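This report describes the strands and the nonpolar cores of a single model. Please keep the sequence and the structure in view while reading.

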Amino acid sequence: MALLEVSHIEKHFGTTKVLEDISFSLEEGQALAIIGSSGSGKTTLLRCLNFLETPDAGTLSVRGKVIYDAADPTTQLEGEVREKRLHFGLVFQNFNLFPQYTALENVTLALHLRDEGNKHRDAIDEQGMELLAQMGLSDRAGHYPHQLSGGQQQRVAIARALSLKPDILCFDEPTSALDPELTGEVLKVIRGLAQQHTTMIIVTHEMAFARDVADEVIFMDGGVIVEQGAAKEVIENPREERTKQFLARYSENV
């Protein structure tokens, strides 16, 4: 049984079809990279998976259980949607850290909010420190976002996403807001997560990274999946002409 089943997802903004008949599955421990030009629907797909957008058609299933069905209003109740978001952790392009909180507070905030009566405060802070250590940021726990580099902020954001132990960790072009010299440190962290068999969906423009880290790659264009398959095969030997055209722009870096 696949961990995630995405079936015939569609999303429209007015008369514009942003996603059309999107279907794929993801096994536990797999890393899936989604590539494509700006405006191809990649980010909208991630937002639908994280319930930041509501699909107009299709179903989402986790571990064989349907968690969203566009044709079934009972799967769309707000309280249930909040719980279903916990299946997914999302790392945004621009970090989205709270500027008034330290790195540790950003990582542990959601856990503390769920801890009625502050019964587990010390354990939560200990977990947060362990996550920061995993990101190589033990010495930055008390720093505020403005005191951190972009790469450090993104690593805090990754730790925050991991804190709720999501089934699937999603990245929306995690290096796009970084200077080139900071990109490597974030990619190193994601590579380490892949080696630990963390289940991930990574929207990225780093083609060599997608080839080397992902198990599968999906190429999207115009809101549809044009090609999907083993990462190395799609990146190095694409079948579809549109995929070949897209990857030709990156051939020197792959």
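## Basis and terms

Two strands are taken to pair if DSSP finds at least two bridges between them, and helices (H or I, at least four residues) and strands (E, at least two) are DSSP runs numbered from the N terminus. The model is predicted, so that local features need pLDDT of at least 70 and side-chain atom pairs count only at pLDDT 80 or more, whereas totals for chains, interfaces and linings use all residues. Residues are numbered from 1 along each chain as its sequence is written, and side-chain values use heavy atoms, with hydrogens and water left out.

## The open sheet

An open sheet of 6 strands runs in the order S6-S7-S8-S3-S9-S10, with mixed pairing. Strand S6 (88–91) and strand S10 (224–230) stand at the edges with a single partner strand each, so one side of each has no neighbour in the sheet. Strand S9 (residues 216–221) is antiparallel to S10 and joined to it by 6 bridges; Ile-218 has Gln-228 in S10 as its bridge partner.

## The nonpolar cores

A nonpolar core is a set of buried (under 20% relative accessible area, 1.4 Å probe, protein chains only) Ala, Val, Leu, Ile, Met, Phe, Trp, Tyr and Cys residues joined through side-chain atoms within 4.5 Å. In the largest one, which has 33 residues, Ile-158, Phe-171 and Met-200 touch the most other members. Helix H6 gives this core its largest share, 7 residues.

A second, separate core holds 28 residues, among them Cys-48, Leu-49, Leu-60 and Ile-168.

Notes. Buried means under 20% relative accessible area, exposed over 50%, partly exposed in between (1.4 Å probe, protein chains only).
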